[in-house]
Amino acid sequence: LGACPELVDQALRLGPPSGDALETIIRGPFDRFPGRFERELDPALARRLCAALAERFGSGEVSLSEVQTVCLRLWQSTDPHRLLAEKGVQGLLEDELSEALDAFPGDQRAAAVALLSQMITSAGTRNVISAEDLRQRVRDEGHDIPPAVVDDALERFERDSKLVRRERRRDIDLYEITSEFLVPWISERRDELRLAHERRRERRRLRILATITAGLLFV
């Protein structure tokens with residue numbers, strides 16, 4: 001710093017890559033290190049994938065998390081050409097998310113969906129929210145989920161899942177989903193959870209009415 005006192009005032013902002021970089025991102029490791037990997041995403045598949053991703057992103061920013069997820073699932077497949085044709089980019093992403101949610105134990109799955117639901121706004125955008133607000137909103141929704149189960153699900157998100165990231169700011173833990181592509185998927189799961197909750201509430205109401213009716217008949 002003594003030799004370059006102005007160094008601390010310098011900054012470099014790295015923006016997201018453009019669609020033109022997709023082929024380099026997908027094929028780069030295989031072209032740069034030929035024979036290093038047990039299998040490759042061959043050039044024909046890479047071109048098809050680039051076209052599908054370019055159509056998905058349009059003129060907007062490239063989501064590296066989406067590209068990474070799709071490429072990894074195709075690379076792990078024994079027939080990536082067929083998998084891409086059958087599932088498409090959206091299907092591959094949804095499979096990844098469903099598997100991540102299915103990895104939660106049964107008692108935590110509803111809590112996980114309830115937590116994710118609070119991480120998107122009514123306008124369909126990411127919502128950065130504190131841990132305490134998350135817990136309170138899940139309680140306010142009336143899902144009848146024990147607080148300990150909510151805490152376990154939140155801890156599992158941070159430890160094992162790629163769906164959520166945590167950032168600490170001014171001694172507050174803030175949570176947000178990792179990518180915008182999660183929003184439609186979470187919205188669908190939120191609707192399913194609300195419908196299931198309404199059905200449970202209706203069944204509870206009917207049981208209470210049946211109990212009251214039986215009591216009146218007995219009297």
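Before starting on the strands, I noted the rule for pairing: two strands pair if DSSP finds at least two bridges between them. I also kept in mind that this is a predicted model.

Entry 1, the sheet. I looked up S1 and strand S3 (residues 172-177) and found them paired in the antiparallel sense, over two bridges. They belong to an open sheet of three strands, ordered S1-S3-S2 with antiparallel pairing. Strand S1 (129-130) and strand S2 (164-169) are the edge strands, each pairing on one side only.

I picked Ser130, which lies in strand S1. Its bridge partner in S3 is Leu174. Leaving out residues up to four places away in sequence, I found Ser130 touching Ile172, Asp173 and Leu174. Is Ser130 buried or exposed? Its relative accessibility is 13%, so Ser130 counts as buried; the cut-off for buried is under 20%.

Next I checked helix H2 (residues 43-57) against helix H3 (residues 64-76): they pack at an angle of about 150°, with their axes 12 Å apart. H2 and H3 are therefore roughly antiparallel to each other, since angles over 145 degrees count that way. The crossing of H2 and H3 is right-handed.

Which residues make the contact? From H2 I listed Leu49, Leu53, Arg56 and Phe57, and from H3 Glu66, Val67, Val70, Cys71 and Leu74. Sorted by class, the contact of H2 with H3 has seven nonpolar and two charged residues, and no polar ones.

Terms used: Residues are numbered from 1 along each chain as its sequence is written. This is a predicted model: local features need pLDDT of at least 70, side-chain atom pairs count only at pLDDT 80 or more; totals for chains, interfaces and linings use all residues. Side-chain values use heavy atoms; hydrogens and water are left out. Axes are lines fitted to C-alpha atoms, for helices over the stretch in contact, and angles run from 0 to 180 degrees between N-to-C directions. Helices (H or I, at least four residues) and strands (E, at least two) are DSSP runs, numbered from the N terminus. Angles under 35 degrees count as roughly parallel, over 145 as roughly antiparallel, 65 to 115 as roughly perpendicular and the rest as oblique. A crossing is left-handed if the near helix is turned anticlockwise from the far one by less than a right angle, and right-handed if clockwise. Contact means heavy atoms within 4.5 Å. Ala, Val, Leu, Ile, Met, Phe, Trp, Tyr, Cys and Pro count as nonpolar, Asp, Glu, Lys and Arg as charged, and the others, Gly among them, as polar. Buried means under 20% relative accessible area, exposed over 50%, partly exposed in between (1.4 Å probe, protein chains only).
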